[in-house]
Amino acid sequence: QVQLVESGGGFVQPGGSLRLSCAASGSTVGVGAISWMGWYRQAPGKQRESVAGITQGGAMNYADSVKGRFTISRDNAKNTVYLQMNSLKPEDTAVYYCKGYSNYYLQDYWGQGTQVIVSS
């Protein structure tokens, strides 16, 4: 089917930047039919929340809390979605998860998550 693998998390000081990547792999038809990819995050003791999403055609959406600081992009040829995170704040600390929806399998797929810690 489809597997999503995130990378790029880590530790950064407030005001710093990180870039997350999420690569999709698996069946050619399943991966090629991923119509939407996005990022969620879950901080300790909080519910998982949507951060940003992007369609195969490039339409994007962002949570209000990250607008102007985070940028989502997608390389359809590489089946990869990126999240450029600038001006990071301590409240951005969370496990970040990649999510994709395949129009072929008609279901969501999740990555395993990557930890982002913003602290001085």
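Predicted model: local features only at pLDDT ≥ 70, side-chain atom pairs only at ≥ 80, totals over all residues.
Buried means under 20% relative accessible area, exposed means over 50%, and partly exposed lies in between, with a 1.4 Å probe and protein chains only. Residues are numbered from 1 along each chain as its sequence is written, and side-chain values use heavy atoms, with hydrogens and water left out.

**Disulfide**

- The structure holds 1 disulfide (a pair of cysteine sulfur atoms within 2.5 Å).
- The bond joins Cys 22 to Cys 98, with an S to S distance of 2.1 Å.
- Cys 22 is in strand β3 and Cys 98 in strand β9, 76 residues apart, so that distant parts of the chain are linked; strands are DSSP runs of E with at least two residues, and helices are runs of H or I with at least four, numbered from the N terminus.
- The torsion about the S-S bond is about -80 degrees, so the disulfide is left-handed.

**Nonpolar core**

- A nonpolar core is a set of buried Ala, Val, Leu, Ile, Met, Phe, Trp, Tyr and Cys residues joined through side-chain atoms within 4.5 Å.
- The largest such core has 29 residues, and Trp 39, Leu 83, Met 85 and Tyr 96 touch the most other members.
- Elements that give two or more residues to this core include β1 (2-7), β4 (34-42), β5 (49-55) and β9 (94-102).
- β3 gives the most to this core, with 4 residues.
- Met 85 is in contact (heavy atoms within 4.5 Å) with Gly 16, Ser 17, Leu 18, Leu 20, Arg 69, Phe 70, Tyr 96 and Val 116, leaving out residues up to four places away in sequence.

- A pair of aromatic rings is described by the distance of the centres and the angle of the planes.
- Rings of Phe, Tyr and Trp (its six-membered ring) pair if their centres lie within 6.5 Å; planes under 30 degrees apart count as stacked, over 60 as edge-to-face and the rest as tilted.
- The whole structure has 4 aromatic pairs.
- In one of them, Tyr 40 and Trp 110 have ring centres 5.0 Å apart and planes at 65 degrees, so the pair is edge-to-face.
- Tyr 40 lies in strand β4 and Trp 110 in strand β10 (residues 107-110), 70 residues apart.
- Tyr 40 is buried at 17% relative accessible area, whereas Trp 110 is partly exposed at 35%.
- Tyr 104 and Tyr 105 also form an edge-to-face pair, at 4.9 Å centre to centre and 85 degrees between the planes.
- Ring pairs join Tyr 40, Tyr 97 and Trp 110 in a cluster.
- The charged end of Arg 48 sits over the ring of Trp 110, 4.7 Å from its centre; the criterion is NZ of Lys or CZ of Arg within 6 Å of the ring centre and within 35 degrees of the ring normal.
- Arg 48 also lies over the face of Tyr 97, at 3.7 Å from the ring centre.

**Ser 35**

- Ser 35 lies in strand β4 and is buried, with a relative accessible area of 19%.
- Beyond four places in sequence, Ser 35 is in contact with Ile 54, Thr 55, Gln 56, Arg 74, Tyr 101 and Asn 103.

**Phe 11**

- Phe 11, in strand β2 (residues 10-12), is exposed at 56% relative accessible area.
- Phe 11 touches Ile 117 and Ser 119, not counting residues up to four places away in sequence.
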